[in-house]
Amino acid sequence: MYYCMKKSKQEEKTGTNVLIYCRVSSDEQAKGGSLDFQEERLRRYCSDNGYTIIDFDFREDESAKTFEKRPTIQKILNYVRKNRGKVDKLLFLRWDRFTRDIISGVETMKELLSYGVEPNA
């Protein structure tokens, strides 16, 4: 199950631009369709809520405890830096798909929020 904050009145008026992030931590999961399952659920959620997916090249099958060792997270951070103000949310299926390391997770969340991007599962 995944949770996401309710849309604000501003979002309802102007729409919400999102990036979706799908991640598995092993080759076995990647081959088993877990990435496809995450993508399908997130796309359906975005469709149901009127969110616009503005880019989708953020799939990862890396097992790394820190964000510095996860190339797709680095790609996302670079994307939001370069497209400041164009991305409203970064969505992922569950928080453990984003991080299991609370400290680096909070640091990365703060960085995303500083660019106006709300990370959310």
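This is a predicted model: local features need pLDDT of at least 70, side-chain atom pairs count only at pLDDT 80 or more; totals for chains, interfaces and linings use all residues.

Biologist: OK, and which residues of α3 are buried?

Modeller: L35, Q38, E39, L42, Y45 and C46. They cover an arc of only 130° around the axis, so they sit on the same side of α3.

Biologist: Why would residues a few places apart point the same way?

Modeller: An α-helix has 3.6 residues a turn, so residues three or four places apart point the same way.

Biologist: How far does α3 reach, first C-alpha to last?

Modeller: 23 Å for its 16 residues, 34-49, which is close to the 22 Å expected at 1.5 Å a residue.

Biologist: And what follows α3?

Modeller: G50 does, and its phi is positive, near 75°. Further along, Y51 lies in strand β2, residues 51-55.

Biologist: Is Y51 buried or exposed?

Modeller: Buried, because its relative accessible area is 6%, and the cut-off for buried is under 20%. The C-alpha atoms of Y51 and T16 are separated by 5.0 Å, although these residues are 35 apart along the chain.

Biologist: Switching to α4. What span should that helix have, and what does the model give?

Modeller: At 1.5 Å a residue, the 12 residues of α4 (71-82) should span 16 Å, and the end C-alpha atoms are 16 Å apart, so the two agree.

Biologist: Which α4 residues are buried?

Modeller: T72, I73, I76, L77, Y79 and V80. Their arc around the axis is only 160°, which means they are on the same side of α4.

Biologist: Now the strands. Which residues of β4 are on each side?

Modeller: Strand β4 covers residues 89-92, with K89 and L91 on one side and L90 and F92 on the other. All four are buried, and both faces of the strand are covered.

Biologist: What does β4 pair with?

Modeller: Strand β1, residues 16-23, runs parallel to β4 and is joined to it by 4 bridges. Strand β5, residues 118-120, also pairs with β4 in the parallel sense, over 3 bridges.

Biologist: Which residues stand opposite each other there?

Modeller: V18 stands opposite K89 in β4, and L90 stands opposite P119 in β5.

Biologist: Last topic, the rings. How many aromatic pairs turn up?

Modeller: Searching the whole structure gives 4 aromatic pairs. One of them is F92 with F98: the ring centres are 4.7 Å apart and the planes are at 10°, so that pair is stacked. F92 and F98 are both buried.

Biologist: And how do the rings of W95 and F98 sit?

Modeller: Their centres are 6.0 Å apart with the planes at 85°, so this pair is edge-to-face. Both residues lie in helix α5, residues 95-98, 3 residues apart, or about one turn of the helix.

Biologist: How accessible are W95 and F98?

Modeller: W95 has 38% relative accessibility, so it counts as partly exposed. F98 is at 0%, so F98 counts as buried.

Biologist: Which residues make up the aromatic cluster, then?

Modeller: F92, W95 and F98 form one cluster.

Biologist: Great, thanks!

How values were computed: Residues are numbered from 1 along each chain as its sequence is written. Side-chain values use heavy atoms; hydrogens and water are left out. Helices (H or I, at least four residues) and strands (E, at least two) are DSSP runs, numbered from the N terminus. The expected span of a helix is 1.5 Å times one less than its number of residues. Buried means under 20% relative accessible area, exposed over 50%, partly exposed in between (1.4 Å probe, protein chains only). The arc is that of the directions from the helix axis to the C-beta atoms. Two strands pair if DSSP finds at least two bridges between them. Rings of Phe, Tyr and Trp (its six-membered ring) pair if their centres lie within 6.5 Å; planes under 30 degrees apart count as stacked, over 60 as edge-to-face and the rest as tilted.
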